[in-house]
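Student: I have a protein model to look at and would like to learn how to read it. Could you take me through it step by step?

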Amino acid sequence: MSPKRLAWPAAVLAVAAVGMLSLAAGTRAVPLSAVFDALLHGGGSPDALVVRSLRVPRTEVGLTAGAALGVAGAALQAVTRNPLADPGILGLSQGAAAGVVLAIGFGLANGFAGYVWYAFAGAVVAAFLVYAIAARGRDGASPVKLALAGTALSAMTAGGTTVVLTSSSATLDQFRFWQVGALSGRDADTVVRMLPFLAGGAVLVLACARGLDALALGDETARALGHRVRVRLCLTVLGVVLAATATGAAGPIGFVALTAPQLARRITRTPQLPLLCSALTGAFVLVAADLAARTLLPPLEIPVGALTSLVGGPYLLWLLGRRTATR
């Protein structure tokens, strides 16, 4: 059997394994036998309550948000033709943050489940503005213009968000718990609110699948085959929807959307866009990072967004160094 075919069952098993470890490990270690018993039979024991009420929702959010970020990163890397792109390149993260700040400031939402909608709306507005700015001119929305417009809009949005936060201590107190990026405190309602967006993302994945190989061959080939405009639009919407959903649910967690497609390409050993494998690797990376954040310095818990940034920064520098060395 080829390595590419072996990669899929291996990725599924890895995600299942890290999911079970997430249910068992933490400040209170729960035996795997007790985890299975709590999942299958419920019960009111302390271990069962910890697993069902705290760790199951947390793991579900980690798996869904990680998968969404993985696919979003792969889609945006294809659209921008930049293998180091992530949702921040289109201003999505800052747009989502602005949506949450406005929701808190005007008393429109309270709690992580309520933030999902406003973070999603902020990211969508940011993506629309970036595309509208980049589309002006003769070349249209080229990858370079998209990156520049996204960077400029992110800086402006971050400045405006800072002004609002520094003028309202109450808004800052609530926002900082979302801004750090974490899976703790999320409940089953957060997952339920994510499901419509994830279902829409799944439909977009199916719609984009047939034109992915043509897009990977270059713009001219994709245009000749009639896929260029449709697939680019589909991938852009896909990246915006999934990145906004994950950011709204878990906060701005960096580098997962960047690293998941990179790992997926290494696993499948193909340069094409492996959306499904990117979903699996994204889910694995985020849940594994959250597991490490809970167990590295017990009983303290490191925010998973801080941990992914600490690990992702050196990884990005290594990728940049490697790409420079191979040129």
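**Reading the core, the helices and the salt bridges**

Tutor: In the largest nonpolar core, which has 70 residues, L92, F175, W178, L235 and L238 touch the most other members. Another core, of 8 residues, lies apart from it and has L23, A24, V51 and V56 among its members. A nonpolar core is a set of buried Ala, Val, Leu, Ile, Met, Phe, Trp, Tyr and Cys residues joined through side-chain atoms within 4.5 Å, where buried means under 20% relative accessible area, exposed over 50%, and partly exposed in between (1.4 Å probe, protein chains only). In soluble globular proteins, nonpolar side chains tend to be buried together.

Student: What should I know about the model and its numbering?

Tutor: This is a predicted model, in which local features need pLDDT of at least 70 and side-chain atom pairs count only at pLDDT 80 or more, while totals for chains, interfaces and linings use all residues. Residues are numbered from 1 along each chain as its sequence is written, and side-chain values use heavy atoms, with hydrogens and water left out.

Student: How many helices and strands does the chain have?

Tutor: Helices (H or I, at least four residues) and strands (E, at least two) are DSSP runs, numbered from the N terminus. Here the chain has 14 helices and 0 strands, and of its 327 residues, 49% count as buried.

Student: What does a salt bridge look like here, for example between R58 and D290?

Tutor: A salt bridge is a side-chain nitrogen of Lys or Arg within 4 Å of a carboxyl oxygen of Asp or Glu, and a search of the whole structure finds 5 of them. In one, the side chains of R58 and D290 meet at 2.9 Å, N to O. This pair links distant parts of the chain, since R58 is in helix α3 (residues 46-80) and D290 in helix α13 (residues 275-295), 232 residues apart.

Student: Which other partners join in, and are they buried or exposed?

Tutor: R58 also meets E301 in a salt bridge (2.4 Å, N to O), and this pair, too, links distant parts of the chain, with E301 in the loop between α13 and α14 (304-325), 243 residues from R58. R58 is buried, at 10% relative accessible area, whereas E301, at 38%, counts as partly exposed. D290 forms a salt bridge with R294, the closest N and O atoms being 3.4 Å apart, and both D290 and R294 are buried.
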